Amino acid sequence: MTGNREESRGEAPGLTIGADWAVTAALDEPRRRWAVRVVDGLIDDSGPVGKMQARYPGDDFSDGSGCVLLPGFVNSHVHLYGVLAHGVPAPAVPVADFWSFLDDYWWPLVENALDHEMVAAAAAWVTADLAAGGTTGFFDILEAPNALPDALFAQREAVASSGLRAVLSFEATERMGAASGQAGLDENVRFIEACRAQPAGGSTGGGARPADGSTGGGRVSGAMCIHTTFTCGEPFIRQAFDAAADLDVFCHAHVNEGVHEGRWCTEHHGMRTLEFYDRIGVASPRFQASQCVQLSPREIDIIAESGIRVSHMPLSNCEVGGGIAPVLELLERGVTVGLGSDGYLNDMFAVMRGAFLLHRAATLDPGAISAATVLHLATEGSARTLGLERVGRLEPGWHADLQLVDLEGPGGLPTPVEAHNLLDQLVLWRSASHVRNVMVGGDWIVDGGEVIGADMDELRAHTLEQAARLWS
Ligand SMILES: [Zn+2]
């Protein structure tokens, strides 16, 4: 990759990035031999490569020959700490159902055992892994009640130095009592305010990992977050949403990941989960609801009518046996939907492929969902669920959050790429390993497949160490 904004600053006002193909917005027609121009972290102009080079002769030029240029992925639901539990030994007593999964396994053996060093190590490793796979933004949900206070602050430095655009939250819950619940809510409020008072994440130019450790530009922010209706009482939920309104952020909750929560709500509140949220007055666009796998027709109506934003996790829904979310119906109703990994597989190509295959299988219809739709969900759709403005397209005025994906290099495609098949080629036959370069807000964070400034061996060794500590 040629072209470095740092070197050219002063003599050239911008950077032009050209590629064999460009997808400037997932739902628009792909463009052949196309370039975008980046100035001050934003897309400034775009056009055919030759014309752009003639128009901006003083620009540096990044040559993405053999690649497709497209918006970076936004992963709308991650648990950075989740990587530490990949392959963790199962409890002696076999997990019988969802409750026993949480009660006997996930809470005591994973979440309750997390400390600051563990979450920081996981954050450093996973953010590098996300970046390497073309992800430029994400939303994280941390539940580590015994790491309070300051659990989010323990993640913050690693996340900020990754250069990624990030919204971090602590999943507040009353499952360990009122004081622990309140500490979780307080953690979010303090973090949101701290990010505003002292922005972190994103360099002011050049590389994304400034050697002096300084940060500026403020790519890291916070949000409010609660767990579920079965671990949070009504006053607690109201308090979280009130704080979100006061701070003008969204509030997240896991909703109906399987059949359990709907049944629990029916037993305890006499109505299903989203009917309950609607009754207590928090069903609104401020609500970012993840999972939404098992929904009644009335719950779909509530989401569509109230403007609740939904994060869809096709692969983790399969992993936990939760079912298949009615995403096609939500999209038909105009609901804002994004894609997330849930901390399971962070390769967004795999997540897109999961959505593509799952909904076709579920509907017995090979035309049920297109590659363009799943790419839209993984980019602009996810950004919209997180309220990230002007993120997810490569159009003038939008953030220069982008990636170059190799079509020809090692592991290159064995069939011609054309406008009619480009998105299928991307969604079905590319993976994180084909991502060559990644930029966030005008800063390259991945170059030639290498995460800039990250020693992956060292990050991996440190994560292994912390995973071993967690497992013990
Ligand atoms: Zn989750």
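Pro-149 lies in the loop between β6 and α5 (151-162), where helices (H or I, at least four residues) and strands (E, at least two) are DSSP runs numbered from the N terminus. A cis peptide bond joins Leu-148 to this proline, with omega at about -5 degrees. The structure is a predicted model, in which local features need pLDDT of at least 70, side-chain atom pairs count only at pLDDT 80 or more, and totals for chains, interfaces and linings use all residues. Residues are numbered from 1 along each chain as its sequence is written.

**Overall build**

- The protein chain contains 16 helices and 17 strands.
- Its C-alpha trace spans about 65 × 50 × 45 Å along the principal axes.
- A compact globule of 472 residues would have a radius of gyration near 23 Å, and the 22 Å of the protein chain agrees with that; the radius is taken over C-alpha atoms, and the globule rule is 2.2 Å times the number of residues to the power 0.38.
- Of the 472 residues, 55% count as buried, meaning that 20 or more other C-beta atoms lie within 10 Å of a residue's own; exposed means 12 or fewer, partly exposed is in between, and C-beta atoms are placed from the backbone.
- Among contacts between residues at least 6 apart in sequence, 75% join residues at least 24 apart; two residues are in contact if their C-beta atoms, placed from the backbone, lie within 7 Å.

**The four-stranded sheet**

- Strands in the order β5-β6-β7-β8 form an open sheet of four with parallel pairing; two strands pair if DSSP finds at least two bridges between them.
- The edge strands, each pairing on one side only, are β5 (73-78) and β8 (220-222).
- From one strand to the next, the twist averages 15 degrees.
- Strand β6 (residues 135-142) runs parallel to strand β7 (residues 165-170), and six bridges join them.
- Ile-141 has Ser-169 in β7 as its bridge partner.
- Helix α6 (residues 178-197) packs on this sheet and touches β7 and β8, its direction making about 140 degrees with that of β8; axes are lines fitted to C-alpha atoms, for helices over the stretch in contact, and angles run from 0 to 180 degrees between N-to-C directions.

**The eight-stranded sheet**

- A second open sheet has mixed pairing and eight strands, in the order β3-β2-β1-β4-β14-β15-β16-β17.
- At its edges are β3 (42-48) and β17, each of which pairs on one side only.
- Seven bridges link strand β1 (residues 15-22) and strand β4 (residues 60-71) in the parallel sense.
- In β4, Phe-61 is the bridge partner of Thr-16.

**Two hairpins at β16**

- Strand β15 (residues 435-440) and β16 pair in the antiparallel sense over three bridges, and Val-440 has Asp-443 in β16 as its bridge partner.
- These two strands form a hairpin with two residues between them, and Gly-441 in the turn has a positive phi of about 55 degrees.
- β16 also pairs in the antiparallel sense with strand β17 (residues 450-451), over two bridges, and Asp-447 has Glu-450 in β17 as its bridge partner.
- Here too there is a hairpin with two residues between the strands, and Gly-448 in its turn has a positive phi of about 60 degrees.
- Strand β16 (residues 443-447) is mostly covered, with four of its five residues buried.

**The nonpolar core**

- In soluble globular proteins, nonpolar side chains tend to be buried together.
- The largest nonpolar core has 141 residues, and Val-68, Leu-69, Val-119, Ala-122, Cys-251 and Met-352 have the most contacts inside it; such a core is a set of buried Ala, Val, Leu, Ile, Met, Phe, Trp, Tyr and Cys residues joined through C-beta atoms within 7 Å.
- Helix α4 (residues 116-132) gives the most to this core, with 13 residues.
- The core lies between domain 1 (5-71 + 391-441) and domain 2 (73-385), because both give residues to it; the domain bounds come from an automatic or database domain assignment.

- Asn-256 is not a glycine but has a positive phi of about 45 degrees.
- This asparagine is found in the loop between β10 (251-255) and α8 (260-269), and Asn-256 is buried, with 28 other C-beta atoms within 10 Å.
- Leu-364, also not a glycine, has a positive phi of about 55 degrees.
- The loop between α13 (348-363) and α14 (371-385) holds Leu-364, which is exposed, with 7 other C-beta atoms within 10 Å.
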